[in-house]
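Please read it alongside the sequence and the coordinates.

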Amino acid sequence: MEANLKQVLENAKVEVEKAIDLETLESLRVKYLGKKGTITDLKKSISKLPNEEKPQAGKLINQASKEIENLLAEANEKIKNELLKEKIKEEKIDVTAHFDKYESGHLAVINQTMEELETIFQNMGFDVVGGPEVDTVKFVFDDLNSPKNHPARSTSDTFYIDDEVLLRPHTSSMQIRVMNEGKLPIKMVSAGRVFRNDEVDATHSPMFHQLECLVVDENVSMANLKATLETFIKEMFGDEMKLRYRPHHFPFTEPSLEVDVTCPACMGKGCPACGNTGWSMELLGGGMVHPNVLEACGIDSEKYTGFAFGLGVDRIAMVKYGLDDIRLLYDNDKRFIEQF
Ligand code: FA5
């Protein structure tokens, strides 16, 4: 193990030293420290060691992990400084230039999209409610029927503040908060920020936005869910947009599904952006509210049924405005922001 770790560290040092841009550094972080990275694999292999070797192996792996983190942090700082120097050289400001108007700001694309979504749902008769970004394990997992061993509960997926309090990884906790108020029927949406320990790529961000939708009443069926989704998608993107339903599993809905829409770049013909499938990336998950969830909130599941879904607002914005990378929404590049 020790020799192996030494070699891993040597390799990491050489590779980090050679890295000249932030993308390469990020791919090295994923390679060594990511969920499927070398160090993570080594941590997993500890369980196979004899008991007496485990503490020492754990200590060495943690040290190596820290060292690689430090190497990456130093290189990150160095590359950022270089980039800044280049930028300052290139982007000279002419302080003598004349200007006669102050530019006013406007809502960020993501907030515009969230407002647009809320308006569409309001026009369909939904209440718009707000909720906390810091929530409890009870509302985020327990009352949503999530098994104790569900991977989303682990600290490698979710950011905990302490054992009971966390940054919400989805807006589904709002289902519980609203059902607990005890007023029926329910027809609500709730949009806001959510947080996950996801690796960043073109379609994933560790902080993103979801909109939760929940309807609970007598005789609510899957047909109501589909009708609501189709009305909303057509309002948002236009009549040509088709929806694709795929079966899925969520602990809090049964049956559950995921939804994609027509690829906006080729309108379903197939193109490089959609890998020739004609469909967009996954936009939302939903289904019929699980009877256990209704009962956890004191609602009689023999009398009432419900549907719920949670959609990725960032991805809705990407489809709407033809963005190929979620990071554009967070880079704060004026050239991008000014287009909206
Ligand atoms: C959920 O979060 C469920 N709570 C959705 C739900 C609600 C199901 C109600 C049933 C009933 P999921 O993890 O698939 O499911 O996320 C929902 C949507 O959020 C995804 O379809 C995607 O559009 C978006 N999303 C998920 N992870 C990320 C991420 N890291 N970055 C950006 N968008 C993301």
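## Ligand site and backbone features

A nitrogen atom of the ligand is 3.0 Å from a polar backbone atom of Ser205. This is a polar contact, that is, a pair of N or O atoms within 3.5 Å; within protein, one atom must be able to donate a hydrogen and the other to accept it, and residues adjacent in sequence count only if both atoms are side-chain atoms. The model is predicted, so local features need pLDDT of at least 70 and side-chain atom pairs count only at pLDDT 80 or more, whereas totals for chains, interfaces and linings use all residues. Residues are numbered from 1 along each chain as its sequence is written, and side-chain values use heavy atoms, with hydrogens and water left out.

| Residue | Atom of the residue | Atom of the ligand | Distance |
|---|---|---|---|
| Ser172 | polar side-chain atom | nitrogen | 2.8 Å |
| Ser205 | polar backbone atom | nitrogen | 3.0 Å |
| Leu284 | polar backbone atom | oxygen | 3.3 Å |

The protein buries 94% of the 680 Å² that the ligand exposes when taken alone; accessible areas come from the Shrake-Rupley method with a 1.4 Å probe, and for residues only the protein chains shown count as cover.

The ligand sits in the largest pocket. A pocket is an open set of points on a 1 Å grid over the protein atoms alone, where a 1.4 Å probe fits, with protein on both sides within 12 Å along at least five of seven lines. A molecule sits in a pocket if more than half of its atoms lie within 2 Å of the grid points of that pocket.

The ligand is surrounded by 26 residues, of which the closest are His170, Ser172, Arg196, Asp198 and Glu282; a residue is near a molecule if one of its heavy atoms lies within 4 Å of it. By class, this shell has 8 nonpolar, 12 polar and 6 charged residues. Here Ala, Val, Leu, Ile, Met, Phe, Trp, Tyr, Cys and Pro count as nonpolar, Asp, Glu, Lys and Arg as charged, and the others, Gly among them, as polar.

Strands β5 (207-217), β7 (253-261), β8 (284-289) and β9 (305-312) each supply at least two residues of the shell, and β9 gives the most, with 4 residues. Helices (H or I, at least four residues) and strands (E, at least two) are DSSP runs numbered from the N terminus. The chain comes to 11 helices and 9 strands.

Two cis peptide bonds may be noted. One joins Leu184 and Pro185, with omega about -5°, and Pro185 is placed in the loop between α7 (173-180) and β4 (186-195). Another joins Glu254 and Pro255, also with omega about -5°; Pro255 is found in strand β7.

Positive phi values occur at residues other than glycine. Asn219, in the loop between β5 and α8 (222-237), has a phi of about 60° and is exposed, with a relative accessible area of 70%. Met267, in the loop between β7 and β8, has a phi of about 50° and is partly exposed, at 38%. Buried means under 20% relative accessible area, exposed over 50%, and partly exposed in between (1.4 Å probe, protein chains only).

Thr262 is found in the loop between β7 and β8 and counts as buried at 6% relative accessibility. A polar atom of the Thr262 side chain lies 2.7 Å from the backbone nitrogen of Lys242.

Of the 340 residues of the chain, 39% count as buried.

Methods
1 Å grid on protein atoms, 1.4 Å probe; cavity = no way out; pocket = protein on both sides within 12 Å on 5 of 7 lines; lining within 4 Å.
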